[in-house]
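Please keep the sequence and the structure in view while reading.

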Amino acid sequence: MKKVFILMAFAALFTSCKGSAQETKKETFEVTKTDAEWKAQLTQEQYYVLRQAGTERPGSSPLNYIKEAGTFHCAGCDTPLFKTAYKFDSGTGWPSFDRGIEGNIAYSTDRNLGYTRTEEHCATCGGHLGHVFNDGPKATTGKRHCINGDALVFVPSSK
């Protein structure tokens, strides 16, 4: 019996526990580029946020202060993502919106900090935007889309 146990333990060392239930499917997006192409197009900060799922320092984005009518587009592919009409001051230090433009934002599960969060990314290029939480304005959607300013470009309505 001891030999069977040792044999099973040895086999477990050399076999993966990764079954099909744990496989993650690689999403495909309409806009795809090589890593070198993204680095050439984006600023260092944009690349860090959009392509490496980074987070900018709170309070560092000038987009926090925009109140002018317009649309916030993906800095990677120019997809319209949020409207100023959906923006509110969450007090968190990041641009926050109570909703995004339907169909232009995709969602996934993020467990990088040891707990589950809903990650948001651009549905066109897959660029990381931020996360959505259930502590937004109750008078509207109750959602807070906490978005990195480096992931966005503001386009005023007057243009």
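The sections below take up the salt bridges, then the nonpolar core, and then a loop residue.

## Salt bridges

The structure shown is a predicted model, and a search of the whole of it finds three salt bridges. Side chains of opposite charge can pair when their charged atoms come close. Asp-35 itself is partly exposed, its relative accessible area being 42%.

A further salt bridge links Arg-99 with Asp-98, and here the closest N and O atoms are 3.0 Å apart. Arg-99 is partly exposed, with a relative accessible area of 34%, whereas Asp-98 counts as buried at 5% relative accessibility. Asp-135 and Arg-144 also meet through their side chains in a salt bridge, at 2.8 Å from N to O. In this pair the acidic residue, Asp-135, is partly exposed at a relative accessible area of 47%, while Arg-144 is buried, with a value of 10%.

## The largest nonpolar core

In soluble globular proteins, nonpolar side chains tend to be buried together. In this model the largest nonpolar core has 24 residues, and those that touch the most other members are Phe-72, Leu-81, Phe-82 and Leu-152. At least two residues of this core come from each of helix H3 (44-52), strand E1 (70-74), strand E2 (80-83) and strand E9 (152-156). Helix H3 gives the most to the core, with three residues.

Which residues does Phe-82 touch, not counting residues up to four places away in sequence? With that exclusion, Phe-82 touches Gly-70, Thr-71, Phe-72, Phe-97, Arg-99, Gly-100, Ile-101, Ile-105, Glu-120, His-145, Ile-147 and Leu-152.

Glu-27 lies in the loop between helix H1 (2-14) and helix H2, and counts as partly exposed at 43% relative accessibility. Although Glu-27 and Ala-123 are 96 residues apart in sequence, their C-alpha atoms are 9.9 Å apart in space.

How values were computed. Residues are numbered from 1 along each chain as its sequence is written. This is a predicted model: local features need pLDDT of at least 70, side-chain atom pairs count only at pLDDT 80 or more; totals for chains, interfaces and linings use all residues. Side-chain values use heavy atoms; hydrogens and water are left out. A salt bridge is a side-chain nitrogen of Lys or Arg within 4 Å of a carboxyl oxygen of Asp or Glu. Buried means under 20% relative accessible area, exposed over 50%, partly exposed in between (1.4 Å probe, protein chains only). A nonpolar core is a set of buried Ala, Val, Leu, Ile, Met, Phe, Trp, Tyr and Cys residues joined through side-chain atoms within 4.5 Å. Helices (H or I, at least four residues) and strands (E, at least two) are DSSP runs, numbered from the N terminus. Contact means heavy atoms within 4.5 Å.
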